[in-house]
Amino acid sequence: MHELRSPTQVSHIPFLPGNTVRDVTKNDFRVRHTLDYKNGYALRHVDLPPDLKSPEYLLRLPTGVGADPWITYGDRPPQASDHTGRTPFVPAHVLFDKVVCIRRAIGGKEAVLRDVGRAASDMHHSSFCQKVLRFDAYFKQTVHESVEKYHLRRVRILYYVEDDSIAVVEPPVENSGIPQGVLIKRQRLPKNSTEFFTARDFNLGQNVTFYGKTFRVVDCDVFTRKYMNETEHITLNNPERMPEDPHEQHRLRPTRAYVAGPKPPDKLKRFLENDRKVLRFFCVWDDRLSMFGELREFVLHYYLVDDSVEVREVQKPNNGRDPFPILLRRQQLPKAFHELTDVNDASKYTWKDFKVGGIINILGRPFLIRDCDDSTRAFYSAHLGDDMQALPVAPPSATGRQQGATDETPPYNGFGSVEDSLGSVKYLVLKPPKKDFIKMLENEHKVLRFVAKLTSKHKEDSERRFVISYRLSDDMMTIYEPPQRNAGILGGKFMERTRVLLPGSALTDPQGPSYYTARDLHVGNTVTVFAHHFVLLDADEYVFNYMESDPNQFPQSDAQRCVEKARSVVGGRGGEEGKRLLKEVLDAASGDETGRCDRLKLLEAGKRVWGDALTNHEVITLARQFEDTQRKVNYDALLQAL
């Protein structure tokens, strides 16, 4: 009878027909999962032999090496102690590097060795994530055709342990004139044709060459030194001092002091201190004594770096001049100007000669300095102690015209709309009239509809009814006549959408025409449209609701005001006697004693009591407060309120 072999011994049998041995001890035939999660990383699940599942086996190997767990695993607790009292610990990188030792221990188990190697690689990546070794180094860059022979450029070499990649970064130096930053982006750098650089290739006081450029490693940080000592078992050399750049030392040396003779002005120092510092003054030139002269406004710029002056004209809209913004180009300004030679020979203005309220000579033109900006005022306050208060001189008008000039608008010529014709007067290049888009968006699809009748001397027009629609978005009005049977008049659109002029207004008015607005429309009012007079008889419920929501704009829709006004009218007729008279009139109008009548009947019958003291719209507003149903007024409740 053949002896049953363990699973570790089955792998020694050649995989040939007749040599397959079934493991009778196996009773679990489920398919295992292939991925495990360790510290948030997906790792491949590996079934190790029983003698390799515990790290104590690796510790018993002759080449086993312990390491500080904090470097690799942080604050995570180590594994349990063995019988010797020592804490067994095998870092991931040790397992990865000691695969050769495992090969010696397990013999020719190639398949198991590959699985262990893959597991160790995954553990190596997750353990050394965000572990970076930093070395300080420098290299010399040759400078041709210059006094300085070379530039000393300081760099930092960053070695990423997780994937053996290297990055070379040069910290930026101010005013170096050299593009700095990342010199070599993160990548694996080749050591030769077959190998790449690893952490063991670095040490202090040695040279490393990346892509033909040699770097001298002089120092490292504390973590790098600890890692190299405890993990790689490499004792680093003593750090070297970072050499100084001769050219930088030459630039930082103190300037030479001249004792004998007057010191000439240092133009470079003046440029470095005053570059881009400009004083700005606001000036006026009064040229009204000459023919066609006027008061003109200018801006004067004084450059502290070279005592030069620039004068710019303030451009006004519609001033009638060509756009020449610069009156005087940037140059040193002479104090006296009589002939062309004075530009070079005469003494020049300095910043101490400018002050608010003073007059300066701009090539024969007297300019009055009336004000300056805040930075200029702060400059003079710090150097001369002068606050430079502005003069109470009114600048020229915005249009650059003489004082007292008024606009004279020509009359409307009849072409296009009034706004279009007015645009040809205001602008040389025609522009479309501006629209009130806020009003159009807020009042879109809001229409006030009224029922009206035509007031005419013709008898056949007395029974005609019209619907007047007023659009709140653009103040336009439309009139429509509903068709009536046997009226003898064709119904339909009476007037297209247009704006209607108020009575007494014309398109040729100097101040512009006046049009009907929503405040001019209320029940009982007469609207005049192209010599046709329409009396507003009624409106839809939306009109009354819209007007009652804004009693300040529509006072005739103020319910409280209408009740008080009706109470005063009834009180003027004797109080209770006026209420009794109103009740008799309303009972007769309703035809029953239910205490309710139609709104229009109340409007007609109530005229016998309050006459013209209340308008039709005010009566409707009063009646709407006591309606039980739509257009049915409870006049008993109305009389009690009065």
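Mentor: Here is a walk through the salt bridges, pair by pair. Keep in mind that the model is predicted. The count comes to 31 salt bridges.

Start with Asp201 and Lys191. Their closest N and O atoms are 2.9 Å apart. Both residues lie in the loop between strand E6 (181-187) and strand E7 (206-210), so the bridge ties together parts ten residues apart in sequence. Asp201 has 19% relative accessibility and counts as buried, because the cut-off for buried is under 20%. Lys191 is partly exposed, at 40%.

Next, take Asp307 and Arg270. Here the closest N and O atoms are 2.7 Å apart. Asp307 belongs to the loop between strand E10 (295-303) and strand E11 (308-313), while Arg270 is in helix H9 (residues 267-274), so this pair ties together parts 37 residues apart in sequence. Asp307 is buried, with a relative accessible area of 16%. Arg270 is partly exposed, at 31%.

Now turn to a pair between helices. Glu618 and Arg561 meet in a salt bridge at 3.0 Å, N to O. Glu618 sits in helix H19 (residues 616-624) and Arg561 in helix H15 (residues 559-572), so distant parts of the chain, 57 residues apart, are linked. Glu618 is buried, at 2% relative accessible area. Arg561 is partly exposed, at 35%.

Finally, look beyond single pairs. Arg154, Glu244 and Glu248 form one network, joined by salt bridges that share partners.

Notes:
Residues numbered from 1 in each chain as written. Predicted model: local features only at pLDDT ≥ 70, side-chain atom pairs only at ≥ 80, totals over all residues. Heavy atoms only, no water. Salt bridge = Lys/Arg side-chain N within 4 Å of Asp/Glu carboxyl O. Helix = DSSP H or I, 4+ residues; strand = E, 2+ residues; numbered from the N terminus. Buried < 20%, exposed > 50% of the residue type's maximum accessible area, 1.4 Å probe, protein only.
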